[in-house]
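Here is a short report for a reader who is new to this structure. Look over the sequence and the model, then read on.

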Amino acid sequence: KDFFEETAFVYLVLYPFLTMSASYIIKNHYDFIGLTEVNKKQSSVLNASINAPKKMEIYVLDVDYNYLAYNDFHANQMKEYYLREVLEGENFLNYVENTKMKERLKKSFDKAKLGIEHQVVSEVEVTKGKYVEETFSPLIEGKDNIVGVTVFSVDVTERIAQAKRLEKLSYFDPLTKVYNRRYFEQRLDVFNITNEALSIVYFDINGLKTINDTFGHKKGDLLLIEVANELVNVMGKYGDVCRIGGDEFIILLPNISFEDATTLSKEARDNLSKKTINHIVISVSYGIHSRTEEDDIAVDDLVISAENAMYIHKLTEKSSHRSQNIQAILNTLKLLNASEERHSIDVGRYSVEIGKRMGLSESNLELLRMIANLHDIGKIGIDQDILNKPGKLTDEEFAIIKHHPEIGYRLLSNVPEYREIAYDILSHHERFDCTGYPNGLVGTNIPLRARIVSVADAYDAMTSDRPYRKALSKEVAIEELKKNSGTQFDPEIVDCFLEVLKDL
């Protein structure tokens, strides 16, 4: 605050006053002995004024670069950096030892002596990283007689640093720390002008939405960071990595051939495929397009071609990647909970037997096995501490558990080979009396396969050990099925299952 107040004082009050007092300063210099009492008072006012700012150097030179006046701050700065006391009448340039600095200042002095007021921001040659803003103004006596130069100099190092920080923020993606779309578009403008050889690689992350929907946006952010870091590690030294959209990255590779760009892209993709986010393998698709110096191809066309190539790869890779992730999630669930695999097998066996009794087709029986195998896949998105809690769940914990059908649905509905059963997975905790979740479906509005799996799931859960209780007997479990027939369960399916149990 003090700095800005002093700066405002100098530019709004002192600077005009000092400039208007130029003739007096010259008179003071050449006719010091004959000063009147009035002039002495004016001198006191002037000295007090130029010494008011504590962080701005003010000094006045004649046409031969000799001191006419200076403030205390300037004298102190010269003493600190040059270890010399400055004196009126001494030549300022004799104090400056650095040749480049002396040449720079003399050039500005001479420009002001031509009657041109100007302001320059310079990095101080003898102190790297230090910046000063200097205003050079001609000192005029009478109507148009230039007799010297007035200089205002202020340290603007922090201002420059802040400007650089703001510039960096404006060109970098805050999450991944790579360049952003604004920087990317400015670089395209440059490449359009230079027409230099260029390869553009367009990367797109497979499954970011699945990660966000299943595990939350923090895990999605972690996925973006992992991809960005790998792209920088492999390709950053050859060009600029830019995040241009939610899950899209473009790498600008000047003077890199199509073949070399392909090699780098494969390396980045293969490295990423060895990493996982919550047990889901990281997968990316990419497309490349290149031009040589002889090619008359606009950069925008290169980008479009690279994007089109990426989408072609994505169509062939996407489904395979999602299927692999579904299997990876199942394997992880089984590792986290040893009873999960046994439970899925038993639910599948019971469901298929019910389906047979009901006369379902072979294809439906196979779908029942698949549903049974996948019905709890959404639990991958639930905290394992809650799933394996030995005591009774709180209302808040149970509300979290109830999200697993929706998580499973989101995972499966995007995979073509599982799309047909995704709605069954979503509905396997619906109740016949419409008090189930997540959609409160009633009666036969609940998909048939979901109603079958619901009965089989409940029976196996009751007759298996759980963290919070021991397994119930077959007889007790059958009584629970009968008790909840028509409310929780479809009564026709309960009756059918009871017949199945007689043979097991």
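## Pairing of β7 and β8

Two strands count as paired if DSSP finds at least two bridges between them. Strand β7 (residues 240-243) pairs with β8 in the antiparallel sense, over four bridges. A hairpin of four residues joins β7 to β8. This is a predicted model.

Strand β8 covers residues 248-254. It is mostly covered, with six of its seven residues buried. β8 also pairs with β6, again running antiparallel. Seven bridges join β6 to β8. Among the residues involved is Y202, whose bridge partner in β8 is I250.

## The chain as a whole

The protein chain has 504 residues, and 46% of them are buried. There are 20 helices and eleven strands in the chain.

Take the contacts with a separation of 6 or more: 61% of them are between residues 24 or more positions apart.

Strand β1 spans residues 56-62 and strand β2 spans residues 67-70. The two pair in the antiparallel sense over three bridges. V60 stands opposite A69 in β2.

Four residues lie between the strands of this hairpin. Y65 sits in the loop between β1 and β2. Its phi is positive, about 70°, although Y65 is not a glycine. Is Y65 buried or exposed? Y65 has a relative accessible area of 12%, and the limit for buried is under 20%, so Y65 is buried.

N195 is another residue other than glycine with a positive phi, here near 60°. N195 lies in the loop between α7 (181-194) and β6 (198-206). N195 has a relative accessibility of 27%, so it counts as partly exposed. That value falls between the limits of 20% and 50%.

S290 is in strand β11, which runs over residues 283-291. S290 counts as buried because its relative accessibility is 18%.

Which side chain makes a polar contact with the side chain of S290? The partner is the side chain of S199, at 2.5 Å. Leaving aside residues up to four places away in sequence, S290 touches L198, S199, S257, F258, I297 and L302.

## The largest pocket

The largest pocket has a volume of about 1,200 Å³. Lining this pocket are 40 residues, and the closest to its centre are F398, H429, Y437, A461 and Y468. Elements giving two or more residues to the lining are α12 (338-357), α14 (384-387), α15 (395-401) and α18 (448-462). The largest share, five residues, comes from α18. By class, the lining of the largest pocket has 13 nonpolar, 14 polar and 13 charged residues.

The bond joins Y437 and P438, with omega about 10°. P438 lies in the loop between α17 (419-427) and α18.

## The cavities

Rolling a probe the size of a water molecule over the atoms shows where empty space is left. How many cavities of 30 Å³ or more are there? The count comes to five.

The largest cavity holds about 250 Å³ of space. It is lined by 18 residues, and the closest to its centre are E57, M78, Y82, M101 and V124. Elements that give two or more residues to this lining are β1, α4 (72-82), α5 (99-113) and β4 (131-141). Which element gives the largest share of the lining of the largest cavity? Helix α4 does, with five residues. The lining of the largest cavity divides into ten nonpolar, four polar and four charged residues.

Technical notes:
Residues numbered from 1 in each chain as written. Predicted model: local features only at pLDDT ≥ 70, side-chain atom pairs only at ≥ 80, totals over all residues. Heavy atoms only, no water. Buried < 20%, exposed > 50% of the residue type's maximum accessible area, 1.4 Å probe, protein only. Polar contact = N/O pair within 3.5 Å; in protein donor to acceptor, adjacent residues only side chain to side chain. Contact = heavy atoms within 4.5 Å. 1 Å grid on protein atoms, 1.4 Å probe; cavity = no way out; pocket = protein on both sides within 12 Å on 5 of 7 lines; lining within 4 Å. Points joined across faces, edges and corners; volume = space filled by probe spheres on them. Nonpolar A, V, L, I, M, F, W, Y, C, P; charged D, E, K, R; others polar.
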